[in-house]
Amino acid sequence: MAPTPQPAPPRAKGRPRSAAADQAILDATREVLAELGWGGLTMGHVATRAGVAKTTLYRRWPSKNELVVDAVASLFDQLEMTDRGSLQADIEDVVTQFATVLARPESQASLLALFAEGSRDPQLRRRIREHIVDPQKRLVHQGLAQALARGELADPLDPLAAAEEIDIIFDTIAGAVEHRILVIGDPVTPQWIRRFTELLLNPGLYQGR
């Protein structure tokens, strides 16, 4: 008997998303946010800057909150915790990457505008945490895993305490770099990164009086 013809697989609805269009939209969002601030940014401004139709923009991001958070989150997707042979070298490398991203005027303006608005909008603040802050904690997990594999650290005995420590480590590193660049406006130099990492790993090295 002839084989029963199989139905063709269903076609996806709508046109496939374009990675190039998505990137153009995210880039345009940060540019407009840096120029006009949160209150001045509109979906129309972004669509015009990105060279896409507003319908294209709304299909991807139904709201301004979602669009801006994703645009800022994409700044940090490029960060990597590479294995540099030691925990100190790993931390120094990722701090250098983070500082390089934050040193861009566009990054600074976008982050400050988003954080300012988040301080007034609990839902936006929650979205910032879920889509920007929490995903970057992967870097701490990776760094600790690499240190464990090299025998630099012992396996944690208490999983709950270990999770809390990851939060503290992330807050310490991100907070120190953001404070230096965004708040006081000082550069993050290789010398500063080296000293910061030494004190982070060996607080007994503190030379203050």
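Modeller: Helices (H or I, at least four residues) and strands (E, at least two) are DSSP runs, numbered from the N terminus. This is a predicted model, in which local features need pLDDT of at least 70 and side-chain atom pairs count only at pLDDT 80 or more, while totals for chains, interfaces and linings use all residues. Residues are numbered from 1 along each chain as its sequence is written, and side-chain values use heavy atoms, with hydrogens and water left out.

The chain has 10 helices and 0 strands. Taking contact as heavy atoms within 4.5 Å, 63% of the contacts between residues at least 6 apart in sequence join residues at least 24 apart.

Now the pocket. Rolling a probe the size of a water molecule over the atoms shows where empty space is left. The search uses a 1 Å grid over the protein atoms alone: a cavity is a set of points where a 1.4 Å probe fits but cannot get out, whereas a pocket is an open set with protein on both sides within 12 Å along at least five of seven lines, and lining residues have an atom within 4 Å of a point. Grid points are joined across faces, edges and corners, and the volume is the space filled by probe spheres set on the points.

The largest pocket holds about 1,000 Å³ of space. It is lined by 39 residues, and V140, I166, I169, F170 and D171 are the closest to its centre. Two or more lining residues come from each of α5 (87-102), α6 (105-118), α7 (122-136), α8 (138-150), α9 (159-183) and α10 (190-201). The greatest share is that of α9, with 10 residues. By type, the lining divides into 28 nonpolar, 6 polar and 5 charged residues; here Ala, Val, Leu, Ile, Met, Phe, Trp, Tyr, Cys and Pro count as nonpolar, Asp, Glu, Lys and Arg as charged, and the others, Gly among them, as polar.

Next comes the packing. A nonpolar core is a set of buried Ala, Val, Leu, Ile, Met, Phe, Trp, Tyr and Cys residues joined through side-chain atoms within 4.5 Å. The largest one has 52 residues, and F76, L114 and V177 touch the most other members. Leaving aside neighbours within four places in sequence, L114 is in contact with W38, V68, V69, V72, L124, I128 and I132.

Helix α2 (residues 43-50) has M43, V46, A47 and A50 buried. These four lie on the same side of α2 because they cover an arc of only 100° around the axis, the arc being that of the directions from the helix axis to the C-beta atoms. Their cover includes α1 (19-40), α3 (54-60) and α4 (64-76). After α2 comes G51, with a positive phi near 75°.

H45 is also in α2, but is partly exposed, at 38% relative accessible area. Beyond neighbours within four places in sequence, H45 is in contact with V32, L36 and G40. From H45 to A28, 17 residues away in sequence, the C-alpha distance is 8.6 Å.

S74 sits in helix α4 and is buried, with a relative accessible area of 18%. With neighbours within four places set aside, S74 is in contact with L26 and R30. Q23 belongs to helix α1, and its C-alpha atom is 8.8 Å from that of A71, 48 residues apart along the chain.

Finally, E80 lies in the loop between α4 and α5. Apart from neighbours within four places in sequence, E80 is in contact with D93, V94, Q97 and L139.

Notes
Buried means under 20% relative accessible area, exposed over 50%, partly exposed in between (1.4 Å probe, protein chains only).
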